Amino acid sequence: MEITSKELHDHLKKFFGFDSFKGTQEAIIQNLLEGKDAFVLMPTGGGKSLCYQLPALLLEGTAVVVSPLIALMKNQVDAIRGFVEEDMSIAHFLNSSLNRQQLNDVRNALLTGHTKLLYVAPESLTKEDNIQLLRQVKISFYAIDEAHCISEWGHDFRPEYRRIQQLIQEIGKAPIMALTATATPKVQNDIQKNLGMLDATLFKSSFNRENLYYEVRPKLQIDKEIIKFIKANSGKSGIIYCLSRRKVEEVADLLVVNDIRALPYHAGLDSHTRSQNQDSFLMEEVEVIVATIAFGMGIDKPDVRYVIHYDIPKSLEGYYQETGRAGRDGGEGQCIAFYRYKDIQKLEKFMQGKPVAEQEIGKQLLLDTVAYAETNTCRRKVLLHYFGEEYGQDSCHNCDNCLYPKVQFDGQDQLCMVLETVEAVKQQFKAEHVANIIAGQSNSIIKSYNHHLLDLFGIGKDKSPHFWNAIIRQALILKMLDKNIEHYGLLELTEKGRAFLRDPEPIMLTEDREFVEEEDEDGFVGGAPKGGGGGGDLELLALLKDLRHDMAKKLKLPAFVIFQDPSLEDMSIQYPISINELKNCQGVGEGKARKFGKEFVALIAKYVEENEIERPQDMVVKSLINKSSNKVYIIQSIDRQLQFEDIAEAKGMQMNELFDEIEVIINSGTKLNIDYYLEQAIDEDKLEEIFDYFRHDAASESIEDALDALGRDFSEEEVRLVRMKFLSELGN
Ligand code: ADP
Ligand code: MG
Ligand code: ZN
């Protein structure tokens, strides 16, 4: 079909309302109209859909668009229907979600030649019925969207995609357009070979997204850092990607507890909730969506301002795709990934049961990810190089490595030591073992192999095993070492490694990075026990105690009922100046903060201003532990007047553990009515006596003091129980 540029622009305006083509769209469309195959490599948001939608409307027959996502298809069909107002029935989709009636409608539209665009899921295309149907239809061309799904080397391999070429043969030949937003040179070749379109015209847009800022941070205090980041960017939209559903839920909860409007999104949620959460994000009812990679394909929110990777992704293609959802409007887009090597090892473990070929691929993809995370050169350069594009400049001025260069040193000797040691242990050991040998750290395994007797043992004992582990990883990245697949993780020398040993030369390595720092499994940060005493502002603490004393007098309450000492100490460290901040202090719950907090935060605010105090930048992160299910269960059970013994048993606790929990609940400001239990557990007179003691005589909340004062008729349990009642009634 021949058409002038002017005519094409007219159609663009008429059907889509746009005045000009984006990037190479026009050339791509012209190429197709000439009947030629095309391979379109264009970043997310580049405008790939239009490359097949417009020609589909112009050409005779039906264009078949293969696309992997049902949701995405519906979106696109709706969009087209919106553009082409006069006729509602020119775009349809075929997938397993259609009922019989809908299927019939599509059939009719196809057979009467009304359908210009037919979206099909790959698995629907393979159905014999559908093939028979399509054989009766004149096909204008085939568009294979998300074409990277064809390649096992892509980040989203789908076996059904492999059959597309064969199905096209069965249905009838027509030009093919393959489109994707990510393809390494290898993946690209795979796709073209598989679709039998090695001669296709290649349209490759630059993958450089200049407005995106890339940064990798060590995954150390991740929860705290993320909350800090979000608060510093409040009012902006962001996405947080996690690898597991469980993590998604956990992080979303954590954000909510910390007063951030966030919702989860993953394939385990029912479809209603999922689309509701997605809509809330699009409508900006929430600022953050925490998601697995299931989220984002096909959604078009132009002003996502940051994308955070809570876990390092399994491949750089996935990473590029996901970060690509930031700043689609060309505005700010911060891409922050949290990385620790342990996560890579976890992913490696998951792969172990899989076929060797698949492992080989997975391992390579991970290695590329590690190389990206640990690189000390421009991240943009590494990313673009990965997609087969050379970035001409040395510095992009928009990634952490360009803005804050890392320390490097000549690691020739260190690298040789590593390679020699791997050879000395006959390539039969893993990284940790090799690192321990070099650092001279003996253990039972090393002794059992007599490796502590090696000449090389302790050759690098001036550095820690951590340091040597980092060198080993850099050797892997440099491809001087490799990990054995069959016996996963055993280090082997590569040809390149041997060559280096024979003829070493200076080579720049990076100082041991923070990334290797050990950290407890998903260790919770903040909120957790902070312990009393020390570190506080003593002057402020004295003022706070005075205030407590005055208030106690005024309210005719013992001072400790108002706030206990650890709470005041924490205030003298954190300088809370609002009720909300006050709630983050130890032992201060909602109830207490409201009831007694006002005077305290007013005093602190005044103090902070008068003394020009810089309040800690580090806000306290409330951890989910505060909401532990035990606590919730206990509160509910006491509301329902269950026996304490039963509550303890249900939760597998000792009575004194239950008491501890109840005291924590009350001390942080929740009112609990335990009268129903006291009535039967304690004699009425005794109860009154203990209560009076705390009300009038007690100088502190100490149980020992109380027992001393009350005499031997009273048990510790009784005193504790009454103290609970007392603190709950007067303190909350
Ligand atoms: P991709 O599939 O490459 O990620 P889309 O096809 O979803 O991108 O298009 C991204 C956005 O760009 C859409 O909002 C689309 O309407 C818009 N767009 C496409 N072509 C043009 C154009 N020529 N002018 C203006 N906007 C366009
Ligand atoms: Mg697309
Ligand atoms: Zn850079």
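This is a predicted model: local features need pLDDT of at least 70, side-chain atom pairs count only at pLDDT 80 or more; totals for chains, interfaces and linings use all residues.
Strand E2 (residues 62-66) and strand E5 (residues 139-144) are joined in the parallel sense by five bridges, and Val66 stands opposite Ile144 in E5. Strand E1 has a parallel partner in E6, to which four bridges join it, and a parallel partner in E7, again through four bridges. Leu41 makes a handy point of reference here: its bridge partner in E6 is Thr180, while in E7 it stands opposite Lys204. Both faces of E1 are covered, with Ala38 and Val40 buried on one side and Phe39 and Leu41 buried on the other.

Returning to H9, this helix includes Asn194. With a relative accessible area of 17%, Asn194 falls under the 20% limit and is therefore buried. Leaving aside residues up to four places away in sequence, Asn194 touches Ile150, Tyr161, Arg162 and Gln165.

Helix H5 also has a helical neighbour to consider. H5 and helix H7 (residues 128-135) pack at an angle of about 25°, and their axes are 10 Å apart. Since angles under 35 degrees count as such, H5 is roughly parallel to H7. In this contact, Arg107, Leu110 and Leu111 of H5 meet Asp129, Leu133 and Leu134 of H7. Sorted by class, the residues of the contact are four nonpolar and two charged, with no polar ones.

In one of them, the ring centres of Phe229 and Tyr306 are 5.0 Å apart and the planes meet at 80°, so the pair is edge-to-face. Phe229 belongs to helix H10 (residues 222-232) and Tyr306 to strand E12 (residues 304-309), so this pair ties together parts that are 77 residues apart in sequence. Phe229 counts as buried, at 9% relative accessibility, and Tyr306 counts as buried too, at 0%.

Another edge-to-face pair is formed by Phe563 and Phe600, at 4.9 Å centre to centre and with 90° between the planes. Here Phe563 lies in the loop between helix H24 (559-562) and helix H25 (565-574), and Phe600 in helix H27 (residues 590-610), so the pair ties together parts that are 37 residues apart in sequence. Both Phe563 and Phe600 are buried. Elsewhere, Phe560, Phe691, Tyr693, Phe694 and Phe726 form one aromatic cluster.

Methods: Residues are numbered from 1 along each chain as its sequence is written. Chains are lettered from A and ligands numbered from 1 in the order in which they are written. Side-chain values use heavy atoms; hydrogens and water are left out. Two strands pair if DSSP finds at least two bridges between them. Helices (H or I, at least four residues) and strands (E, at least two) are DSSP runs, numbered from the N terminus. Buried means under 20% relative accessible area, exposed over 50%, partly exposed in between (1.4 Å probe, protein chains only). Contact means heavy atoms within 4.5 Å. Axes are lines fitted to C-alpha atoms, for helices over the stretch in contact, and angles run from 0 to 180 degrees between N-to-C directions. Angles under 35 degrees count as roughly parallel, over 145 as roughly antiparallel, 65 to 115 as roughly perpendicular and the rest as oblique. Ala, Val, Leu, Ile, Met, Phe, Trp, Tyr, Cys and Pro count as nonpolar, Asp, Glu, Lys and Arg as charged, and the others, Gly among them, as polar. Rings of Phe, Tyr and Trp (its six-membered ring) pair if their centres lie within 6.5 Å; planes under 30 degrees apart count as stacked, over 60 as edge-to-face and the rest as tilted.
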